[in-house]
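Open the model in a viewer and follow the selections below in order.

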Amino acid sequence: MKKGLLLVISGPSGAGKGTICKSLLEQNSNINLSVSATTREPRPGEVEGVNYYFLEKEKFKSMIVEGEFLEHAEVYGNYYGTPKAKVMEKLNSGEDVLLEIDIQGALKVKEIYPNGVFIFILPPSMEELKSRLEGRGTETKEAMLRRMESAYHEIEYVFKYDYAVLNDKVDLAVKTIESIIEAEKARVHRQENILEEF
Ligand code: ADP
Ligand code: 5GP
């Protein structure tokens with residue numbers, strides 16, 4: 001059976017990954033979001049099993065030892081990881097899976113699963129990134145500065161990705177990603193049995 005597409009979306013904090021993924025998922029019910037595990041505290045309104053699986057550090061570490069993550073990384077002092085079993089199950093049954101993960105995680109996934117599609121979300125400018133982070137209002141001033149500082153290094157990693165999508169207008173960014181998905185599915189190497197019906 002034809003495997004599903006593994007879509008990996010990353011980029012600096014505040015670039016709009018969450019916003020874009022939410023809209024992409026609302027408009028494409030065939031895409032499955034992989035819910036990550038994290039040791040960070042839930043933000044107001046975040047729901048267990050929907051936004052993240054919120055775990056104690058000990059539990060997270062035991063899952064690492066048991067090999068239950070496809071990848072995991074420490075991001076801004078907390079652990080984040082992609083539970084492996086569900087992702088592989090969906091891909092193997094032909095369903096598309098979306099990972100919204102940080103750059104370290106994306107590069108690890110690229111090593112293990114080079115057949116994935118790696119998309120980097122760029123903000124229109126660093127000033128706009130700062131104002132989006134401020135506008136979101138979820139970070140302390142210190143945490144925000146840390147995220148901005150990281151963003152300057154992270155942006156350089158765009159060259160390791162397959163696609164760079166500018167998030168100026170959310171709708172346009174989502175459309176671009178939908179076009180990428182369509183084009184990737186038409187690639188010959190993803191359609192080994194293309195001539196079977198002829
Ligand atoms: P990330 O998931 O990359 O950290 P978010 O999706 O949380 O970023 O977006 C950060 C903030 O910027 C949010 O308040 C969001 O509403 C806002 N935002 C996202 N995309 C845009 C956009 N294209 N134009 C204006 N504001 C945006
Ligand atoms: P936040 O705390 O703002 O939800 O996420 C912080 C960062 O962690 C974001 O860049 C987000 O993409 C990343 N992240 C979320 N889940 C995972 C994951 O499973 N693995 C990795 N490596 N990063 C993740």
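**The cores**

Select Leu 7, Ile 9, Leu 98, Ile 119, Ile 121, Val 165 and Ile 177: of the 24 residues in the largest nonpolar core of this predicted model, these touch the most other members. A nonpolar core is a set of buried Ala, Val, Leu, Ile, Met, Phe, Trp, Tyr and Cys residues joined through side-chain atoms within 4.5 Å; buried means under 20% relative accessible area, with a 1.4 Å probe and protein chains only.

Next, colour β1 (6-10), α1 (17-27), β8 (117-122), α5 (126-136), α6 (141-154) and α7 (170-185), each of which supplies at least two residues of this core. Helix α7 gives the largest share, five residues. Helices (H or I, at least four residues) and strands (E, at least two) are DSSP runs, numbered from the N terminus.

Centre on Ile 9. Leaving aside residues up to four places away in sequence, Ile 9 touches Lys 17, Cys 21, Leu 98, Leu 99, Glu 100, Ile 101, Ile 119, Ile 121 and Ile 177, contact meaning heavy atoms within 4.5 Å.

Then move to Leu 6, Leu 91, Leu 99 and Phe 118, which are included in a second, separate core of 16 residues.

**The whole protein**

Zoom out to the seven helices and nine strands. The C-alpha trace spans about 60 × 40 × 30 Å along its principal axes. Of the 198 residues, 43% count as buried.

**Conventions**

Residues are numbered from 1 along each chain as its sequence is written, while chains are lettered from A and ligands numbered from 1 in the order in which they are written. In this predicted model local features need pLDDT of at least 70, side-chain atom pairs count only at pLDDT 80 or more, and totals for chains, interfaces and linings use all residues; side-chain values use heavy atoms, with hydrogens and water left out.

How values were computed:
Buried < 20%, exposed > 50% of the residue type's maximum accessible area, 1.4 Å probe, protein only.
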